[in-house]
Amino acid sequence: MMKATAIKRSWFMKLFMLFLHCSNGIVESAGVPALFVFGDSLVDVGNNNYLSSIAKANYFPYGVDNFGPTGRFSNGKTFVDILGENLGVPYPPAFADPNTAGSRILGGVNYASAAAGILDESGQHYGQRYSLSQQVLNFETTLNQIRTLMSGGNLTEYLGKSVAVLVFGSNDYINNYLMPSIYSSSYYYNPPDFANLLLNHYTRQLLALYSLGLRKFLLAGIGPLGCIPNQRASAPPDRCVDYVNQILGTYNEGLKSLVDQLNTHPGAMFLYGNTYGAVGDILNNPNTYGFSVVDKGCCGIGRNQGQITCLPWVVPCSNRNTSVFWDAFHPTEGVNAILAQRAFNGPPRDCYPINVQQMTLIY
């Protein structure tokens, strides 16, 4: 009861401050000095290009509609590319890029790595990747460089106004728990216990980032993995894999509850992005969003174009604007744009307890 009261009091004060920043019902974004991105292939912008990994997207047709083959696992922009545009910050460069140094890091850095998970072992069959714990260490490396560029007081304000986006969890399921031939986790943990294991690991790393000075966080939930082409390829025709979607409930609900707990920390603003609900809405009502192909990848091989993901120089589908999925695992730029917009200025059912735009107005 006392914890619930503390959460309500903390957020009452934050929302009151937000109210003071709003006038005539119009909300504008405040200045965000930097965007720091942590995650997996959904938001990787090329870190794996510099690692010994088979999880790479540095070849055509990746990037066919935007950027070219930079290492983004999309036909164009990722979720964080578009969110960053809304926030008015430059695209954060990949941490592993040797050119990511000096003043270039002041607008933020992207640490995301394809095949990375919350657990260090997730995705290891793909080769090298920066797991969540390694990405936190990489952020510390960046922070040491930033300390040489600004004074202590300015650094505290800079970190307090910056936004951190974390997109994790998918690989802990599709490249760990749901691969019993390679990983043993499903033998030792039932789905709720595995979700709690992930959340406990996640919490420790989030608190580490908080202790380093970051204060504003967007934590993306896991989407309906049972509906991605890779999983549909083993399901009955026109069906998602219900079991896969069902076991994600404990994790997503737990992550939303974790946001409430973390928001009791002084100055902390943690948000939960309801990826599952947003993607589910698109899949259930594709025509509303202009999509007509929901069950297969635009670039891939095999059933649902999901058994083998997009290979070099394969000609992708021509109707990319009407496809939900780009390859066996990842959404198209069109879906990324919807997810970014919902996180940026959506209602609490999309981004809880407030949206990213509102968060930037709280100091």
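Reader: What makes Tyr187, Tyr188 and Tyr189 a nonpolar patch on the surface?

Author: Tyr is one of the nonpolar side chains in the rule, and such side chains are joined within 5 Å if their residues have over 30% relative accessible area and no salt bridge. In this predicted model, Tyr187, Tyr188 and Tyr189 form such a patch, with about 410 Å² of accessible area together.

Reader: Let's move to the cysteines. How do you know that Cys227 and Cys240 form a disulfide?

Author: Their sulfur atoms are 2.1 Å apart, and the cut-off is within 2.5 Å, so the pair qualifies. A disulfide is a covalent bond between the sulfur atoms of two cysteines. The link of Cys227 and Cys240 is right-handed, with 110° about the S-S bond. This pair links distant parts of the chain, 13 residues apart: Cys227 sits in the loop between strand E3 (216-220) and helix H8 (229-232), while Cys240 sits in the loop between H8 and helix H9 (242-247). Cys227 and Cys240 are both buried.

Reader: What makes the disulfide of Cys298 and Cys317 left-handed or right-handed?

Author: The torsion about the S-S bond is about -105°, so the disulfide of Cys298 and Cys317 is left-handed. Cys298 and Cys317 are buried.

Reader: And what about Cys299 and Cys310: what is the S to S value, and what is the handedness?

Author: A disulfide joins Cys299 to Cys310, with 2.0 Å from S to S. The torsion about their S-S bond is about 70°, so this disulfide is right-handed. Cys299 lies in the loop between E5 and E6 and Cys310 in the loop between E7 and E8, so the pair ties together parts that are 11 residues apart in sequence.

Reader: Why are Cys299 and Cys310 called buried?

Author: Buried means under 20% relative accessible area. Cys299 has 1%, so Cys299 is buried, and Cys310 has 0%, so Cys310 is buried as well.

Reader: How many disulfides does that make, and what is the pairing?

Author: The count comes to three disulfides. Number the bonded cysteines of the protein chain in sequence order and the pairing reads 1-2, 3-6, 4-5.

Reader: Now for charges. What makes Arg320 and Asp65 a salt bridge?

Author: Side chains of opposite charge can pair when their charged atoms come close. The rule asks for a side-chain nitrogen of Lys or Arg within 4 Å of a carboxyl oxygen of Asp or Glu. For Arg320 and Asp65, N to O is 2.6 Å, so their side chains meet in a salt bridge. Arg320 lies in the loop between E7 and E8 and Asp65 in the loop between strand E1 (35-39) and H2, so the pair ties together parts that are 255 residues apart in sequence.

Reader: Which residues are linked in a network of salt bridges?

Author: Asp281, Arg342 and Asp350 are. Asp350 is found in the loop between helix H13 (333-345) and strand E9 (351-352). With a relative accessible area of 8%, Asp350 is buried.

Key
Residues numbered from 1 in each chain as written. Predicted model: local features only at pLDDT ≥ 70, side-chain atom pairs only at ≥ 80, totals over all residues. Heavy atoms only, no water. Helix = DSSP H or I, 4+ residues; strand = E, 2+ residues; numbered from the N terminus. Buried < 20%, exposed > 50% of the residue type's maximum accessible area, 1.4 Å probe, protein only. Patch = residues over 30% accessible without salt bridge, like charges linked within 9 Å, V, L, I, M, F, W, Y side chains within 5 Å. Areas by Shrake-Rupley, 256 points an atom, 1.4 Å probe, with all protein chains shown as cover.
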